[in-house]
Amino acid sequence: RLDPRLEAFEARIARGEKIEPGDWMPDEYRRQLIRMISQHAHSEYVGMLPEGEWITRAPSLRRKMILMAKVQDEAGHGQYLYHAAETLGATREDMMDALLSGRAKYSSIFNYPSLTWADVGMIGWLVDGAAIKNQTMLAGCSYGPYSRAMVRICSEETFHHKQGKEMILTYAAGTPAQRRMAQDALNRWWWPSLMMLGPHDQDSPNTAVLSRWGIKLKSNDEVRQEFINEHVPELLEAGLSIPDPDLRFDEASGNWIHGPINWDEFWAVVKGNGPMNRARLEARRFAHEDGAWVREALAAYGARSQAQAAD
Ligand code: ACO
């Protein structure tokens with residue numbers, strides 16, 4: 001017999017109700033959410049680095065202001081998500097420790113280098129485009145705090161996506177050097193963007209339980225297909241070529257079918273051996289240590305305010 005609490009919990013999800021922090025939930029639901037939300041928070045936090053490096057080298061004041069706003073948004077997304085994980089009992093200290101010690105996973109995509117200015121545009125168009133596909137789905141998830149964080153994050157991501165697309169469309173229609181730079185960025189970011197949406201469904205151990213409890217409403221392959229179908233025609237329209245010789249349109253399904261993905265590369269990156277894994281963690285550790293005085297000052301201020309309130 002099913003635990004009556006589990007039955008009631010599943011009935012609530014079936015009715016489309018949100019599960020809120022104080023509500024009863026299975027331990028595995030809590031564990032899965034902490035895993036996923038903390039990995040997501042780390043991704044936003046590490047995700048500031050590939051583009052942040054370009055702030056001082058932006059080609060105009062307008063581009064610099066857009067990029068600063070975008071990188072600042074990613075920090076904000078990390079904050080909402082760490083808070084969402086805290087509502088489930090995770091602590092900020094443990095999550096930070098897991099990230100900085102290299103135990104935690106974060107998105108593979110941020111372990112690739114941003115080599116030219118066009119990468120900033122391509123990250124906006126492709127990486128934020130893929131993130132929006134995944135996160136619009138998560139905005140409908142069964143856990144209230146995560147679902148609500150996703151609504152705001154997706155609206156900000158839409159701005160990130162648009163600025164990236166606008167930038168690449170400009171360069172793709174620009175001088176020969178600009179066109180080459182845009183194509184080179186696409187060549188390097190295309191496959192990692194497909195990988196970012198996770199392994200094929202048959203190799204995705206978490207999907208079954210996440211779907212059962214309304215956390216994932218679409219599988220990794222479904223989201224990847226949506227992303228490809230939306231982006232391929234637009235990239236081709238821009239006059240760029242997609243670095244996949246097997247890519248073809250399938251009339252029957254209406255889908256663009258991609259060639260084989262290099263999953264060995266994906267797992268190497270996930271396990272810490274991608275081109276930039278070490279540099280990304282070093283940069284985060286440096287920032288953490290460099291910011292110690294801010295945490296200490298906040299703690300001292302908090303203690304003093306509490307003491308004054310008690311007087
Ligand atoms: N990078 C790093 N690790 C990954 C990636 C990736 N792109 N894709 C999957 N993995 C990991 C999973 O976290 C899981 O590891 P774990 O079980 O040790 O925790 C393992 O590979 C197996 O994958 P799945 O069973 O498919 O994992 P899951 O069902 O959680 O699906 C997905 C992966 C789609 C990334 C999901 O976790 C998700 O939607 N997360 C929230 C969104 C997110 O984190 N986005 C980050 C990038 S967006 C941005 O920051 C701009």
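Me: What makes a stretch of residues a helix here, and where is Glu157?
Reply: Helices (H or I, at least four residues) are DSSP runs, numbered from the N terminus. Glu157 sits in helix α7, residues 144-172. By the way, this is a predicted model, where local features need pLDDT of at least 70, side-chain atom pairs count only at pLDDT 80 or more, and totals for chains, interfaces and linings use all residues. Residues are numbered from 1 along each chain as its sequence is written, and side-chain values use heavy atoms, with hydrogens and water left out.

Me: Why is Arg280 called buried?
Reply: Buried means under 20% relative accessible area, exposed over 50%, and partly exposed in between (1.4 Å probe, protein chains only). Arg280 has 2%, so buried is the word for Arg280.

Me: And what makes Glu53 partly exposed?
Reply: Glu53 comes out at 35%, so Glu53 falls in the in-between class.

Me: How do you know that Arg280 and Glu53 form a salt bridge?
Reply: That takes a side-chain nitrogen of Lys or Arg within 4 Å of a carboxyl oxygen of Asp or Glu. For Arg280 and Glu53, the closest N and O atoms are 3.2 Å apart, so the pair qualifies. Arg280 is in helix α12 and Glu53 in the loop between α3 and α4, so the pair ties together parts 227 residues apart in sequence.

Terms used:
Helices (H or I, at least four residues) and strands (E, at least two) are DSSP runs, numbered from the N terminus.
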